[in-house]
Amino acid sequence: MIRPFWEKEQVLDDLARRRWVLIENAFDAQFAQALAEAVPWEGRDSALFHQAAIGQQAKQQVIREIRSDFIHWLDRKDPAPVIQYFWQQVDSMMERFRRAFFLPLNYYEGHIAVYPPGAFYKKHLDQFERTSYRQITLILYLNEHWQEQDGGALRIYEPDGSYVDVLPLLGRAVLMQSAEVWHEVLPTQRTRKSLTGWFSCLPMEERFLAG
Ligand SMILES: O=C(O)CCC(=O)C(=O)O
Ligand SMILES: [Fe+2]
């Protein structure tokens with residue numbers, strides 16, 4: 001399902017040097033489909049999804065002016081084969097990143113995100129202000145036949161203020177240094193699905209709380 005793009009020197013090199021990298025054909029349609037079936041989106045009242053919040057733990061707030069997507073956190077205990085399979089890939093990726101970047105990564109959190117028409121996520125960094133646990137962001141896109149007029153591009157800002165727009169096309173993956181890369185999701189015209197997650201270095205006591 002997912003081809004191991006994280007084993008490719010070029011991908012790791014670009015992530016280190018340019019701070020982000022787009023990988024085409026990172027995984028196939030079967031994987032995306034199985035994932036969509038395991039966590040089906042049935043609209044805003046969907047029992048499996050809730051409105052995304054920003055910030056951490058007690059400070060979490062749903063602020064619709066900043067982001068308006070719906071999310072479903074992935075659970076290691078979810079028995080769906082595609083989700084079990086994904087967690088195996090996560091472990092393999094984490095090991096590779098640890099070795100490649102000498103980072104003591106020990107935690108992954110990820111969610112399926114659905115942006116209904118009109119939804120967006122304003123310009124931000126993925127690392128929280130108060131803590132610096134999140135190191136590497138991984139986004140997998142799950143949308144077939146996406147076109148420019150469908151909106152919903154991921155806009156990635158370069159240090160010089162220029163930007164690159166990435167359409168959320170099925171099979172594409174983006175890796176970013178979570179603390180370095182400013183980005184936003186432009187308003188989407190169509191329902192937009194992705195799997196977004198973060199590899200982190202959590203201190204012991206936080207790992208205990210995270211379970
Ligand atoms: O879906 C995307 O393209 C990016 C999502 C994002 O920036 C986030 O969830 O932090
Ligand atoms: Fe983000």
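**Exercise 1. Work out the order of the strands in the open sheet, and find which strands stand at its edges.**

Solution. Four strands, in the order β5-β10-β7-β8, form an open sheet with antiparallel pairing, where strands are DSSP runs of E of at least two residues, numbered from the N terminus, and two strands pair if DSSP finds at least two bridges between them. The edges are held by β5 (121-124) and β8 (163-166), each of which has a single partner strand, so one side of each is left without a neighbour in the sheet. From one strand to the next the twist averages 15 degrees, an angle taken between the N-to-C directions of lines fitted to C-alpha atoms, on a scale from 0 to 180 degrees. As a next step, look at the pairing of β5 with β10 (residues 183-185), which is antiparallel and runs over 2 bridges; Tyr121 has Val185 in β10 as its bridge partner.

This is a predicted model, in which local features need pLDDT of at least 70 and side-chain atom pairs count only at pLDDT 80 or more, while totals for chains, interfaces and linings use all residues. Residues are numbered from 1 along each chain as its sequence is written, and chains are lettered from A and ligands numbered from 1 in the order in which they are written.

**Exercise 2. Locate Arg19 and His145, and decide how exposed each residue is.**

Solution. Most residues other than glycine have a negative phi. Arg19, in the loop between α1 (9-17) and β1 (20-23), has a positive phi near 85 degrees, and His145, in the loop between β6 (134-141) and β7 (154-157), has a positive phi of about 50 degrees. A residue is buried with 20 or more other C-beta atoms (placed from the backbone) within 10 Å of its own, exposed with 12 or fewer, and partly exposed in between. Arg19, with 17, is therefore partly exposed, whereas His145, with 8, is exposed.
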